[in-house]
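This report describes a protein model in plain terms. Please look at the sequence and the structure first, then read on.

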Amino acid sequence: MIKACLFDLDGVIVDTAKYHFIAWKQLAREMGFDFTEQDNERLKGVSRMASLDILLEIGGVTKTEQEKEELAHRKNEHYVSFITQMKPDEILPGAREFLLACKDAGLATALGSASKNAMTILNRLELNDLFDAIIDGTHTSKAKPDPEVFLKGAEALAADPENCVVFEDAEAGVEAALAAGMYCVGIGSSEVLNKAHLIIEGLHQMTLDQLENLQ
Ligand code: BG6
Ligand code: MG
């Protein structure tokens, strides 16, 4: 029986991929190479430093650890300049409504995100109150597909993993949910998310009845 819903943020609640893309592209340009939208797909669900490693690999560039810290910091400054302007109308269709339906049905809710900027985004979207627990990149040391973020979320909600469902748009996130022993609803392409128990286009397609059918 599902008692708790855990939500990834980027790509599930809000489309921040476009802002990550502009910020990484600008950094690539500053280093003298191009970064395409197709390249950006590789960064979804991937932590900031791991994303930088992929970017540098694409550009064929090698940097020291200290230079990498500076580059990641610079990218984040670009990114933060966008997300601090976000408004609640950028919440993806159905996300707020489904969170409210969960609350009405007495289901516990948690955020499980790799992002260290999750609180800034939730504040801008005015969604904080709809989560009983928030686990983000500031609370975790192991990136998805490690299950740490979702196990910490379940613990914070006092829910057993077999009673939890995770909503994820990234392959690494689906793997993390399954490794945690949870159900998983994939949001996006069935080619990428085929290990999920159910795949939908967005939370606007999700109903509480579908949660019962997962089991
Ligand atoms: C994930 C995104 O949610 O968070 C990744 O899908 C991003 O693209 C990662 O790199 C880390 O985010 P941040 O905000 O800490 O740089
Ligand atoms: Mg995501």
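E126 is exposed, because 12 other C-beta atoms lie within 10 Å of its own. The model is predicted: local features need pLDDT of at least 70 and side-chain atom pairs count only at pLDDT 80 or more, while totals for chains, interfaces and linings use all residues. Residues are numbered from 1 along each chain as its sequence is written, and chains are lettered from A and ligands numbered from 1 in the order in which they are written.

E126 sits in the loop between α6 (118-125) and β3. Helices (H or I, at least four residues) and strands (E, at least two) are DSSP runs, numbered from the N terminus. The phi of E126 is near 60°, which is positive in a residue other than glycine. A158 is not a glycine either, and its phi is positive at about 55°. A158 belongs to the loop between α7 and β4 (164-168). A158 is exposed because it has 11 other C-beta atoms within 10 Å. One peptide bond also stands out: from K144 to P145 it is cis, with omega near 20°. P145 is in the loop between β3 (133-135) and α7 (148-157). Most residues other than glycine have a negative phi, and most peptide bonds are trans.

Domain 1 puts 16 residues into the contact and domain 2 puts in eleven residues. Two residues are in contact if their C-beta atoms, placed from the backbone, lie within 7 Å. On the side of domain 1 that touches domain 2, α6 and α8 (171-179) each supply at least two residues. Helix α6 gives the most to that side, with three residues. The residues of this side of domain 1 divide into five nonpolar, five polar and six charged. Here Ala, Val, Leu, Ile, Met, Phe, Trp, Tyr, Cys and Pro count as nonpolar, Asp, Glu, Lys and Arg as charged, and the others, Gly among them, as polar.

Where does ligand 1 lie? Ligand 1 lies between domain 1 and domain 2, because both domains give residues to the shell around it. There are 17 residues around ligand 1, and D10, R48, S115, K116 and N117 come nearest. A residue is near a molecule if its C-beta atom, placed from the backbone, lies within 6 Å of it. The shell divides into four nonpolar, nine polar and four charged residues.

**Strand β4 and its partners**

Five of the five residues of β4 are buried. On one side of the strand these are C164, V166 and E168, and on the other V165 and F167, so that both faces are covered. Strand β4 pairs with β1 (residues 4-7) in the parallel sense over four bridges. Two strands pair if DSSP finds at least two bridges between them. F167 in β4 is the bridge partner of F7. Four bridges also join β4 to β5 (residues 183-187), again running parallel, and there the bridge partner of F167 is V185. Together β4, α8 and β5 make a right-handed β-α-β unit. Right-handed means that, with the strands pointing away from the viewer, the path from the first strand over the helix to the second runs clockwise.

I121 is in helix α6, and V174 is in helix α8.

| Residue | C-beta neighbours inside 10 Å | In contact with |
|---|---|---|
| I121 | 23, buried | L9, V14, T16, I83 and M86 |
| V174 | 28, buried | E168, C184, G186, L193, K195 and A196 |

I121 and M86 are 35 residues apart along the chain, and their C-alpha atoms are separated by 7.5 Å. V174 and R29 are 145 residues apart in sequence and 32 Å apart in space, C-alpha to C-alpha.

Conventions
A residue is buried if 20 or more other C-beta atoms lie within 10 Å of its own, exposed if 12 or fewer, and partly exposed in between; C-beta atoms are placed from the backbone. Domain bounds come from an automatic or database domain assignment.
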